[in-house]
Amino acid sequence: NKQVIFKGYVSGFPKETDMEVRESTMKLRLPEGSNGLLVKNLYLSCDPYMRTRMAKLDFLTYVDSFRPGSPITGYGVARVLESGHPNFKKGNLLWGITGWEEYSLITAPETCFKIEHTDVPLSYYTGLLGMPGMTAYVGFFEVCSPKKGETVFISAAAGAVGQLVGQFAKLFGCYVVGSAGSREKVDLLKNKLGFNDAFNYKEEPDLDAALKRCLPEGIDIYFENVGGKMLDAVLLSMKIHGRIAACGMISQYNLQQPEGVHNLMNVVFKGIRMQGFLVFDYYHLYPKFLEKVLPQIKEGKIVYVEDTVEGLENGPAALVGLFSGRNVGKQVVVVSRE
Ligand code: NDP
């Protein structure tokens, strides 16, 4: 059983060498009487929150630290090989938390979602039809209170979540602008994902000027994925009674000291509503989400860009690549295609 082992707690930017790919000779077997699952992992998801789990966490949060010496865990798509749980049978497909290894024992199958629709690429359940898709959906529709015709700005717009927020907002009738860290990504936003406009924040360090050029009348909704300097600049362009969905702040995850935000008083002056949210609190909406999104995928109204690497041994580089913007679209690790 090939595994990606977490070597020890990380500070600063994570490195490939913080993980090690090893072969385990221990035979995995479902213990007698267990209500767990033995699964074969097919696709693994690289998600920015996994960086939080690489630190020794001494503050209140929604996840635990990874255990040094054990395989890292995260969202993935897997096939059930043996089941002790009434909701799953041998051969079923699921998405949920699993190990970064070829085979895993899942001890809490009730947290996994059975995959019923297999006429879409299975890897979509790490992204568009999994946790990031739900994040985009609830973040936009439940947190942002959008109205047709409003202006929406999305940072890290070419990633797993951002590309979907943009498409949901466009289909809803908003004017959509995104920022991303390369020309290739900006091109993708404008020419494939249907954004009205986009800019490369690395080539245009004057973020305030870039925002004023793309959104001269201001921003009604900011979907926040990045934090730091971007948030500061956006606050200057927010309209009266604008909404900010604080989804994530990836620019801060590897800093010892988070950056200060200087323009926060705009929240007061402009009566802005800024709301953080965690997707886990909204999983009860998953059936409603599928009902809306599956037809949109089949009709070609929503497209999804994935960046796949083949093989567990390429997982660590793909995971740390999230923090340098290496991924173009949703970063997926293929463990096995069958
Ligand atoms: P992405 O697929 O967008 O990958 C991360 C991207 O972030 C990179 O490709 C890079 O793109 C950008 N990035 C990395 N470092 C920086 C930096 N210092 N400054 C600006 N941009 C940076 O990830 P996701 O779509 O999965 O996640 C997007 C955000 O959503 C994250 O903040 C994540 O933590 C959050 N999230 C929150 C959830 C919740 O429940 N609240 C659930 C899921 C995700 P680029 O080339 O553009 O720089």
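Predicted model: local features only at pLDDT ≥ 70, side-chain atom pairs only at ≥ 80, totals over all residues.
## Ligand shell

The ligand is surrounded by 31 residues. The closest are Gly159, Val161, Gly181, Gly248 and Gly325. Two elements give two or more residues to this shell: helix H2 (131-143) and strand S15 (330-334).

## Shell composition

By residue class, the shell around the ligand holds 17 nonpolar residues. A further 11 are polar, and 3 are charged.

## Ala156

Ala156 is a residue other than glycine with a positive phi, near 45 degrees. Its place is in a loop. That loop runs between strand S8 (151-154) and helix H3 (162-172).

Is Ala156 buried or exposed? Ala156 counts as buried, because it has 29 C-beta neighbours inside 10 Å and the cut-off for a buried residue is 20 or more.

## His241

His241 is also a residue other than glycine with a positive phi, here near 60 degrees. His241 lies in strand S12, which covers residues 238-246.

His241 has 11 C-beta neighbours inside 10 Å, so it counts as exposed. The cut-off for an exposed residue is 12 or fewer.

## The two residues side by side

Ala156 sits in a loop and is buried. His241 sits in a strand and is exposed. Phi is positive in Ala156 and in His241.

Methods
Residues numbered from 1 in each chain as written. Near = placed C-beta within 6 Å. Helix = DSSP H or I, 4+ residues; strand = E, 2+ residues; numbered from the N terminus. Nonpolar A, V, L, I, M, F, W, Y, C, P; charged D, E, K, R; others polar.
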